[in-house]
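The following paragraphs lead the reader through a structure, from the parts of each chain to the places where they meet. Please keep the sequence and the model in view while reading.

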Amino acid sequence: MTDVAQIWSYLSQGPLLWLTATLTAYGIGDTCFRAANRAPLVNPVLIAVTLLGALLWLTATPYATYFEGAQFVHFLLGPATVCLALPLADNLPRLRRALLPVLAALVVGSVTAMASALAIARAFGADAGLLAALAPKSATAPVAIGIAEGMGGQPTLTAVLVILTGITGAIIATPLLNFLRLKDWRARGFAVGVASHGIGTARAFQVHPTAGAFAGLGMALNAVLTALLAPLLLRLFLP
Amino acid sequence: MLHALTVILATQLGGEFLTRALALPIPGPVLGMVALTIAFAAFPKLREAMRPVAQGILGHLSLLFVPAGVGVIGNLQALKGMGLGLTLAILVSTALAITAAALTFALVARLTGATDD
């Protein structure tokens with residue numbers, strides 16, 4: 001009989017174990033989320049990430065090894081973004097009717113996200129590199145990293161800030177919008193998509209299909225607007 | 001299933017190609033999303049044929065962010081001792097952006113009569 005340690009060392013190097021672990025951890029997170037009546041604080045992504053982080057730490061597994069397996073899930077982000085065409089097409093007549101509110105909310109939301117983040121970070125003494133990495137954090141990850149790099153920001157740091165922004169938006173959106181007593185699913189979803197990209201959009205779909213469709217639209221439009229505005233706003237806030 | 005997946009991947013591929021060829025500031029998948037939205041609006045039959053697969057992929061959208069999220073844990077030291085300032089910047093700016101965008105949307109919708117039915 002083969003030693004368990006040998007089997008482990010074989011399996012922990014291949015993609016199967018870590019792909020299974022990713023799905024299992026998310027399954028646990030999703031079960032907790034449902035058991036908690038879809039409470040925003042019980043975020044399935046946050047639970048899965050915490051569990052997997054602990055597992056990697058306990059087993060001294062490098063992230064690169066983990067990603068060998070997890071990359072199959074990660075890859076689907078691209079096709080999933082393309083699939084957002086379905087809710088968008090389903091809601092096209094309503095999107096067309098809401099053209100003015102959409103454009104106004106896009107500009108206000110995008111500028112607010114960047115300017116307020118830059119002002120706060122600068123007050124804490126952030127240098128030019130940190131500000132460049134922070135400015136595009138509300139845009140979807142590939143766009144944000146491209147923009148930040150173009151302005152002298154570090155890609156890893158940008159990725160961290162983008163993901164943290166997404167999880168923050170997914171957690172605070174529902175209580176915040178309830179507090180504001182906004183009942184328009186279009187406004188709620190769109191704001192979340194603009195402020196917290198795909199992770200916020202995923203949360204919006206969990207809440208309401210209309211919110212999800214408008215969140216997807218907000219994410220797409222803000223990817224473009226952030227690319228245009230981030231360099232201009234950064235210049236205003238540079239120390 | 002096979003045809004729908006092929007259309008999705010081919011759309012993404014086309015988007016990646018165009019965004020690089022034209023040096024556009026948007027990522028390939030987002031361009032693909034726009035193109036497929038137009039195609040879905042023009043060809044309702046295509047939309048219905050692809051609905052089950054697209055819904056299947058979108059059904060667990062949150063799951064797809066887990067690998068990148070795990071990467072964040074190992075890179076938290078990238079915050080370079082600016083943890084508090086950056087955490088505050090993210091928390092406050094995200095809350096302000098959601099509030100400002102949602103209120104603007106609702107206000108302009110009321111002013112222009114673009115209410116939902």
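In domain 1 of chain A, six residues are in contact with seven residues of domain 2 of chain A, two residues being in contact if their C-beta atoms, placed from the backbone, lie within 7 Å. On the domain 1 side of this meeting, four residues are nonpolar, one is polar and one is charged. In these classes Ala, Val, Leu, Ile, Met, Phe, Trp, Tyr, Cys and Pro count as nonpolar, Asp, Glu, Lys and Arg as charged, and the others, Gly among them, as polar. Domain 1 of chain A covers residues 4–75 and domain 2 covers 84–237; such bounds come from an automatic or database domain assignment. The C-alpha centres of the two domains of chain A lie 27 Å apart.

The model is a predicted one, in which local features need pLDDT of at least 70 and side-chain atom pairs count only at pLDDT 80 or more, while totals for chains, interfaces and linings use all residues. Residues are numbered from 1 along each chain as its sequence is written, and chains are lettered from A and ligands numbered from 1 in the order in which they are written.

Chain A contains 13 helices and zero strands. Helices (H or I, at least four residues) and strands (E, at least two) are DSSP runs, numbered from the N terminus. The radius of gyration of chain A is 19 Å, close to the 18 Å that the globule rule gives for 239 residues, so chain A is as compact as a globular protein of that length. This radius is taken over C-alpha atoms, and the globule rule is 2.2 Å times the number of residues to the power 0.38. Taken along the principal axes, the C-alpha atoms of chain A fill a box of roughly 70 × 40 × 30 Å.

Two packed helices are described by the angle between their axes and the distance between the axes. Axes here are lines fitted to C-alpha atoms, for helices over the stretch in contact, and angles run from 0 to 180 degrees between N-to-C directions. Within chain A, helix α2 (residues 15–35) packs with helix α3 (residues 44–58) at an angle of about 135°, their axes being 8 Å apart. That angle makes α2(A) oblique to α3(A), for angles under 35 degrees count as roughly parallel, over 145 as roughly antiparallel, 65 to 115 as roughly perpendicular and the rest as oblique. The crossing of α2(A) and α3(A) is right-handed; a crossing is left-handed if the near helix is turned anticlockwise from the far one by less than a right angle, and right-handed if clockwise. Among the residues that make this contact are A:Ala21, A:Tyr26 and A:Phe33 of α2(A), together with A:Pro44, A:Leu51 and A:Leu55 of α3(A). By class, the contact of α2(A) with α3(A) has 13 nonpolar, two polar and one charged residues.

Further along chain A, α8(A) packs with helix α12 (residues 185–207) at about 35°, with the axes 9 Å apart, and this crossing is also right-handed. Here A:Val102, A:Ala105, A:Leu106, A:Gly109, A:Ser110 and A:Ala113 in α8(A) meet A:Phe190, A:Ala191, A:Val194 and A:Ala195 in α12(A). Eight of the residues in this contact are nonpolar, two are polar and none is charged.

Chain B comes to five helices and zero strands. The radius of gyration of chain B is 20 Å, well over the 13 Å that the globule rule gives for 117 residues, so chain B is more spread out than a compact globule. The C-alpha trace of chain B spans about 50 × 45 × 30 Å along its principal axes. Chain B is divided into domain 1 (1–59) and domain 2 (66–117), and 27 Å separate their centres, taken over C-alpha atoms.

How do the two chains meet? In all, 92 residues of chain A are in contact with 68 residues of chain B. The largest share of the chain A side, 15 residues, comes from helix α11 (residues 155–179) of chain A. That side divides into 67 nonpolar, 19 polar and six charged residues. Between the chains, helix α8 (residues 99–123) of chain A and helix α5 (residues 83–112) of chain B have axes that come within 7 Å and cross at roughly 160°, which makes α8(A) roughly antiparallel to α5(B). α8(A) passes α5(B) in a right-handed crossing, and their contact holds 21 nonpolar, eight polar and no charged residues.
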